Amino acid sequence: MEIMRFAHKATGAWSRSVSRCRLARLKAPLQLDGNISRRFSTWPLIRESTALVHRSHGDPSQVVTLETLKLPALEATSVLVKMIAAPINPSDINMIQGTYAILPDLPAVGGNEGLGQVIEVGSDVRTIKVGDWVIPRDAGLGTWRTAMVLSADDLVTVPSDIPVLSAATLGVNPCTALRMLSDFEDLKPGDTVIQNAANSGVGQAVIQIAAAKGLQTVNVIRDRTDLHKLTDRLKAMGATCVITEEMLRRPEMKEIFKSYPRPKLALNGVGGKSATELLRHLQSGGTMVTYGGMAKQPITVPISALIFKDVKIRGFWVTRWKREHKHDDGALQGMLGELCTLIRAGQLSSPACTQVAIQDFHKALGSAMEPYISMKQVLVM
């Protein structure tokens, strides 16, 4: 069940690569047709998919079921993808609950992110070839399944020389972190960023990307029994300072900013009182960017922060960014390329993950919804 064997694609014939990816059973059919990557096929090589489906919105533990779905015919512009791994993100849970900003038509397959390998392509496909690693270009495709047939335009290729878990978790959290660190303030080496939810997937990516850019990070987490262990792990990633939510409200915070400049940028994934406290520590003219609301509480903005410090309140949603740049393929490829460069250099790793077989999805969904859990659940196909 280990997926780390997928981590690097072998050089030479693709048949050797797919055998390492548990696709050995497809090796002989692929060799029968040397033009398989450029032909039109009425039916794909794989005709069925095991998928996690919800037919109504509600508690994921109650509404998600494991089903076998027939795959549609492979059209001239479509691609057959064998999924390798797909994480469970908070947005995935919200979609199943029916509380997210975009909701696919029901019944729907869960999952917005994941890594697959191309098994077959339609006759008109030129941008993707058999053997490529691919991730979704946008949300809502339903990645919690063993295989799928999609339009080639719905996918973007990623290099196969990065770890599988890094590739499977590349399209949401690291992209969110990079965009927030790049698009809202002109940050220079030595500048400070403060963030809550620092142990989340986005938070861990922020720590690592910021460290690679020479930025200081003040990282806020909730108090917990394993606080010292988590603090050490975040500092090993490159965190400058790790504090609890309670510490954020204390006068001792002034001592921290004797060592580092006050933050130009605050990143809020929690909301409520936590976000208000982040605002208090911003320097004049600084920006707070909200990308999540785990506390499910509104943000209260102190009048003084607006009048006397002229802080800016912004929001970010990576899905909106991708849709706004859907005709600018260079922007998406440039962002993914920058992240992959950091991954290869050992400066950006995937969040701590627990790999779970898709058949054990109840366990994975339950763990993903537990509080104080820093491990990301990844479904292995």
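Student: K296, buried or exposed?

Tutor: K296 is exposed, at a relative accessible area of 72%. Buried means under 20% relative accessible area, exposed over 50%, and partly exposed in between, with a 1.4 Å probe and protein chains only. The model is predicted: local features need pLDDT of at least 70, side-chain atom pairs count only at pLDDT 80 or more, and totals for chains, interfaces and linings use all residues. Residues are numbered from 1 along each chain as its sequence is written, and side-chain values use heavy atoms, with hydrogens and water left out.

Student: And where does K296 lie?

Tutor: In the loop between β13 and α12 (303-307). Helices (H or I, at least four residues) and strands (E, at least two) are DSSP runs, numbered from the N terminus. K296 has a positive phi of about 55°, although it is not a glycine.

Student: What about A197, what is its phi?

Tutor: Positive, about 50°, and A197 is not a glycine either. A197 is found in the loop between β9 and α7 (201-212). A197 is buried, with a relative accessible area of 7%.

Student: OK, sheets. What is the strand order in the open sheet of 6 strands?

Tutor: β11-β10-β9-β12-β13-β14, with parallel pairing. Two strands pair if DSSP finds at least two bridges between them. β11 (241-244) and β14 (312-315) are at the edges with a single partner strand each, so one side of each has no neighbour in the sheet.

Student: How far are neighbouring strands turned against each other?

Tutor: By 20° on average, direction ignored. Axes are lines fitted to C-alpha atoms, for helices over the stretch in contact, and angles run from 0 to 180 degrees between N-to-C directions.

Student: How many bridges join β13 to β14?

Tutor: β13 (residues 287-290) and β14 run parallel and are joined by 4 bridges. T287 stands opposite K312 in β14.

Student: Which strands does α11 lie across?

Tutor: Helix α11 (residues 272-281) lies across β9 (192-195), β10 (216-221), β12 (265-268), β13 and β14, and runs at about 175° to β12.

Student: Other helix pairs, then. At what angle do α6 and α14 cross?

Tutor: The axes of α6 (residues 173-183) and α14 (residues 329-344) cross at roughly 100° and come within 10 Å. The two helices are therefore roughly perpendicular to each other. For such labels, angles under 35 degrees count as roughly parallel, over 145 as roughly antiparallel, 65 to 115 as roughly perpendicular and the rest as oblique.

Student: Which residues meet there?

Tutor: P174, C175, L178 and R179 in α6 meet M335, L336, E338 and L339 in α14. By class, the contact of α6 with α14 has 6 nonpolar, no polar and 2 charged residues. Contact means heavy atoms within 4.5 Å. Ala, Val, Leu, Ile, Met, Phe, Trp, Tyr, Cys and Pro count as nonpolar, Asp, Glu, Lys and Arg as charged, and the others, Gly among them, as polar.

Student: Switching to α4. Which of its residues are buried?

Tutor: S91, D92, I93, M95 and I96. Their cover includes β1 (48-54), α3 (60-63), β2 (64-70), β3 and α15 (361-368). Just after α4, G98 takes a positive phi of about 85°.

Student: Which peptide bond is cis?

Tutor: The one from L106 to P107 is cis, with omega near -5°. P107 is found in the loop between α4 (90-97) and β4 (108-109).

Student: Where does G116 lie?

Tutor: In strand β5 (residues 115-121). G116 is buried, with a relative accessible area of 0%. Not counting residues up to four places away in sequence, G116 touches V81, K82, M83, I84, D132, W133 and V134. G116 and I84 are 32 residues apart in sequence but 5.1 Å apart in space, C-alpha to C-alpha.

Student: How many residues of β7 are buried?

Tutor: Of the 5 residues of β7 (residues 147-151), 4 are buried, so the strand is largely enclosed by the rest of the structure. β7 pairs with β3 (residues 78-87) in the antiparallel sense over 5 bridges, and V79 has L150 in β7 as its bridge partner.

Student: And how many helices and strands has the protein chain?

Tutor: 15 helices and 16 strands. Of its 381 residues, 54% count as buried.
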